[in-house]
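Open the model in your viewer and keep the sequence panel beside it. The tour goes stop by stop.

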Amino acid sequence: QQNQITIVYDSMWHSTRLMAEAIAGGIKKADPSVEAKVYNVAKSDKNDVLTEMFCSKAVLVGAYTINNGISYAVSGILEMASGLKFKNKKAAAFGSYGWSGEGVKHITEILRRGGFEIVNDGIKALWKPDEAALQQCSELGEAFIKSI
């Protein structure tokens, strides 16, 4: 496995994208030798994303909460990844929400069922993440890389 982390997300209002970028920044800050590859799964080729997940030692998955669940694009890639039964992969979830906020919990459950080792409880941000929330995302990235 390469010295890389794959971060996949879907973002309707750019909130989850901002979180993904802040997490990637935290990873780079903690360990500049790690390559954090960030993919918007709604716009990326699913096979390319799955290949990157396979080549990574860990993944972070993010989505916004919608209808008490997660976006179709993230749900689909997680279903595909679970079917591939990756081994020895660590993972965590992140996401934004407006009302209910169950997305991170749902992502974590799907990752766990798919055989990923969950590193932490993940992080969620209400609406568009402010500077404090983005700092927490950066800190999550730092803690994540140190935990693997």
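Select Cys137: is this residue buried or exposed? Cys137 has 0% relative accessibility, so it counts as buried (under 20% relative accessible area; exposed is over 50%, partly exposed in between, with a 1.4 Å probe and protein chains only).

A word on the source. This is a predicted model, where local features need pLDDT of at least 70, side-chain atom pairs count only at pLDDT 80 or more, and totals for chains, interfaces and linings use all residues. Residues are numbered from 1 along each chain as its sequence is written, and side-chain values use heavy atoms, with hydrogens and water left out.

**Cysteines**

Go to Cys55. This residue counts as partly exposed because its relative accessibility is 23%. A search of the whole structure turns up zero disulfides (pairs of cysteine sulfur atoms within 2.5 Å).

**Whole chain**

Zoom out and colour by secondary structure. The chain has five helices and eight strands (DSSP runs, H or I of at least four residues for helices and E of at least two for strands, numbered from the N terminus). Along the sequence they run β-α-β-α-β-β-β-α-β-α-β-β-α. Of the 148 residues, 52% count as buried. The C-alpha atoms fill a box of roughly 35 × 30 × 25 Å along the principal axes. Among contacts between residues at least 6 apart in sequence, 81% join residues at least 24 apart (contact means heavy atoms within 4.5 Å).

**Two backbone stops**

Select His14, in the loop between S1 (4-9) and H1. His14 is not a glycine, yet its phi is positive, about 70 degrees. At 44% relative accessibility, His14 counts as partly exposed.

Last, select Trp127, in the loop between S8 (123-126) and H5 (131-147). Trp127 also has a positive phi, about 55 degrees, without being a glycine. Its relative accessibility is 46%, so Trp127 counts as partly exposed.
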